[in-house]
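Here is a structure to look through together.

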Amino acid sequence: MEKKRINLALQGGGAHGAFTWGVLDRLLDESWLEIAAISGTSAGALNGAALKAGLAQGGARSGRRKARENLDWLWSQVSEVNDLRIDRWLTALFPYPQALNRWIEMFTPAAWFDQMARVVSPYDSGPFYINPLERIVKRFEFEHVCKATGPDFFVAATNVRTGKIRVFSGREITAEAILASACLPNVFRAVEMVDPQTGKAEAFWDGGFTGNPPLFPLYEPKYPRDIVIVNINPLLREGVPQTPSEIEERINEISFNSSLLRELRAVSFVRRLISEGRMPEGAMKDVLIHMVADDKTMNEMSATTKMIPTVGTLDRLKAAGHVAADRFLTEHADAIGTRASVDLVGLFD
């Protein structure tokens, strides 16, 4: 097949980001498919960093191999984290953490931790606080993550003070920037650092609140028209949530999809103006949107599996991502570069 270039937009969603691992693993099989730019939030930022660092090294074949190795390493490390919500810092609040952990593992752990998250702040742990992702992220090869070669890479976080999105790129992408992108405020302390853009000390939370993932960095003329969005949070969930956990889960899905839907509505509006000849040629980019998703599998998951990355769940999600990417390539590979494979008008009907 002739060479085609795409941009990737990778959603966040905790351990469900293993779905994106499977998608990327499958896309890397296709030598004709070139990734020009990557935009990632939260788990999407972690996946994006592993992908970028690999592709930035060596030639096309060796770069793809290295990217696959990086992704495998990343998720092997994530699988060793018992629970993204508590890992070690919450148990430090109690006098006998090992005994408490064993008791919790025997009796309804998910329910207990869900209740604790409502009354315990990550700031309550004092000097015992540890972000379980930090040891993983700090081992990324940032000399390659920030390299000028390979796809351009963008990481989204939310500025706590202003409530605005902050997109990091190039040398701005540090371990702190990626940890900020994945910083759920009821789970982790805000990531505080000097913003290289302003020179001010700022605090950041998860980028999913303001851009999950942001598409606008990919609108630059130098990038291809095609944006392939890897969806983790299901857009459609049948039935009305009734239990407290179901209600909270759907609220989170809706809020973390809202920024993406706003951007897609704007893309749809611009495309309509262009098609109707109401916008001068070249004034705005005619973006082609594609999606790789598996709402059926994601509807079978829960908020708990986002925070507890068991090997079985990660393997299932990777396999589902692989199948979803294969289906996308089979059905829509010919659309890349010529037409959108997502009906944006129908999406908002």
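**Labels and the values behind them**

Strand β2 (residues 33-41) is mostly covered, with 8 of its 9 residues buried. The model is a predicted one.

Q: What makes β1 and β2 a pair of strands, and in which sense do they run?
A: Two strands pair if DSSP finds at least two bridges between them. Strand β1 (residues 4-10) and β2 have 7 bridges, in the parallel sense, so they meet the requirement of at least two. As one example, Asn 7 has Ala 37 in β2 as its bridge partner.

Q: How many aromatic pairs does the structure hold?
A: The structure holds 6 aromatic pairs.

Q: Why is the pair of Phe 154 and Tyr 223 called edge-to-face?
A: Two values decide here: a pair of aromatic rings is described by the distance of the centres and the angle of the planes. Rings pair if their centres lie within 6.5 Å, and planes over 60 degrees apart count as edge-to-face. The centres of Phe 154 and Tyr 223 are 6.3 Å apart and their planes stand at 85°, so the pair is edge-to-face.

Q: Why does this pair of Phe 154 and Tyr 223 tie together parts that are apart in sequence?
A: Phe 154 lies in strand β3 (residues 152-159), while Tyr 223 is in the loop between β6 (201-206) and β7 (226-230), so the parts tied together are 69 residues apart in sequence. Both Phe 154 and Tyr 223 are buried.

Q: What makes Phe 209 and Phe 256 an edge-to-face pair?
A: The ring centres of Phe 209 and Phe 256 are 5.0 Å apart and the planes are at 70°, so this pair is edge-to-face. Phe 209 belongs to the loop between β6 and β7 and Phe 256 to helix α9 (residues 244-275), so the pair ties together parts 47 residues apart in sequence.

Q: Are Phe 209 and Phe 256 buried or partly exposed?
A: Buried means under 20% relative accessible area, and exposed over 50%. Phe 256 has 13%, so Phe 256 is buried. Phe 209 has 36% relative accessibility, so Phe 209 counts as partly exposed.

Q: Which nonpolar patch on the surface includes Phe 209?
A: Val 160, Trp 205 and Phe 209 form this patch, with about 230 Å² of accessible area together.

Q: How do you know that the charged end of Arg 166 sits over the ring of Phe 168?
A: The distance part asks for CZ of Arg within 6 Å of the ring centre. The charged end of Arg 166 is 4.3 Å from the centre of the Phe 168 ring and sits over that ring.

Conventions. Residues numbered from 1 in each chain as written. Predicted model: local features only at pLDDT ≥ 70, side-chain atom pairs only at ≥ 80, totals over all residues. Heavy atoms only, no water. Phe/Tyr/Trp six-rings, centres within 6.5 Å; stacked < 30°, edge-to-face > 60°. Helix = DSSP H or I, 4+ residues; strand = E, 2+ residues; numbered from the N terminus. Buried < 20%, exposed > 50% of the residue type's maximum accessible area, 1.4 Å probe, protein only. Lys NZ or Arg CZ within 6 Å of the ring centre and 35° of its normal. Patch = residues over 30% accessible without salt bridge, like charges linked within 9 Å, V, L, I, M, F, W, Y side chains within 5 Å. Areas by Shrake-Rupley, 256 points an atom, 1.4 Å probe, with all protein chains shown as cover. Salt bridge = Lys/Arg side-chain N within 4 Å of Asp/Glu carboxyl O.
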